[in-house]
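Student: I am new to this structure, and I would like to learn how its features are read. Could you take me through a few of them?

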Amino acid sequence: MDGTILMPVPSSYNDITQDKKLRDHVGWAWYEREFFVASSWKVKRVVLRFDSVQYYAKVWLNGKEIMDHEGGHLPFESNVSNALDWSGPNRLTVAVNNTLTPFTLPCGKVVYPNDSNNYPPGYFRQELIFDFFNYAGIHRSVSLYSTSPTAYVERVRVTTDIEPQGQGMVSFAVSGVGIQDGTSTSCDIDIIDATGTVAASLKNTSSGRAEIKEPQLWWPIGSQGVKSGYQYVLKVAETRKHTWQKPCANRIKHFNSGALYNTHPTSVLARIG
């Protein structure tokens, strides 16, 4: 196709070339490639996952629209088992729009100049109200993975807390298909520290609370006298050996008379995660 270039993924398309028009482009950009799927996956549930696309994305597989997503900060995925061609190449098409409005995050403004003598019909310009560049594109990995069609994890909800005695508490709830407490398709839960050591473990469950004794707490960069950014990994293993992992950290914020972070005064507020 005319006007196309090879584009690495993940990346921001703005910085891949020296073309000023591409760097400053506002609007739709298109990605396309072909791939094959092993025939052994026919009996599986096959999922297409995007870890991040900035800002709005529409996705087609073999000409069929399969999903769209708004917001460049969260992953999204869809079951594509019925859209795959098992006998030949599959064509994946992704349209990405980086236009920012007062309703996006971050916010922006679209201005249509009221001057028909100097601007063609439909011309607009993007005005930004922040001090960083509006990078766009498929910013993180794209993957195709498979699971059992009868038992799989769809979502894991994780919240953390710190007990008055100093223990770290991790509450979790696993949802999916065929996931039930006390059955052959429930889950084993491991919480793994930064050294790879299992800090807490629960078996044969899909929800509960795990205790981490003497936890390493998460602190923002710039905190005095502590290591910043420490994370644990919560690993969910469906008992048929399908696994799912999520980073988590022991941290909590309070809003009382001033801001407290891990029970200490701070000027930095962060989300519970």
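**Rings, strands and a buried serine**

Tutor: At 19% relative accessibility, Trp60 counts as buried, where buried means under 20% relative accessible area, exposed over 50% and partly exposed in between, with a 1.4 Å probe and protein chains only. This is a predicted model, in which local features need pLDDT of at least 70 and side-chain atom pairs count only at pLDDT 80 or more, while totals for chains, interfaces and linings use all residues. Residues are numbered from 1 along each chain as its sequence is written, and side-chain values use heavy atoms, with hydrogens and water left out.

Student: How is an aromatic pair read, and how many aromatic pairs does a search of the whole structure find?

Tutor: A pair of aromatic rings is described by the distance of the centres and the angle of the planes. Rings of Phe, Tyr and Trp (its six-membered ring) pair if their centres lie within 6.5 Å, and planes under 30 degrees apart count as stacked, over 60 as edge-to-face and the rest as tilted. The search of the whole structure finds 6 such pairs. One of them, formed by Trp30 and Trp60, is stacked, at 5.5 Å centre to centre with 25° between the planes. Because Trp30 lies in strand S1 (residues 28-35) and Trp60 in strand S4 (residues 56-61), the pair ties together parts that are 30 residues apart in sequence; strands here are DSSP runs of E with at least two residues, numbered from the N terminus.

Student: Is Trp30 buried or exposed?

Tutor: Trp30 has 57% relative accessibility and therefore counts as exposed, whereas Trp60, at 19%, counts as buried.

Student: What is the order of the strands in the open sheet?

Tutor: Strands of a sheet pair through backbone hydrogen bonds, either parallel or antiparallel. Two strands count as paired if DSSP finds at least two bridges between them. The open sheet has 4 strands in the order S1-S7-S4-S5, with antiparallel pairing, and its edge strands, S1 and S5 (64-70), each pair on one side only. S4 and strand S7 (residues 90-97) run antiparallel and are joined by 6 bridges, and Tyr56 has Asn97 in S7 as its bridge partner.

Student: Which residues does Ser78 touch?

Tutor: Contact means heavy atoms within 4.5 Å. Ser78, which lies in strand S6 (residues 76-79), touches Val46, Val47, Leu48, Ile66 and Met67, not counting residues up to four places away in sequence. With a relative accessible area of 17%, Ser78 is buried.
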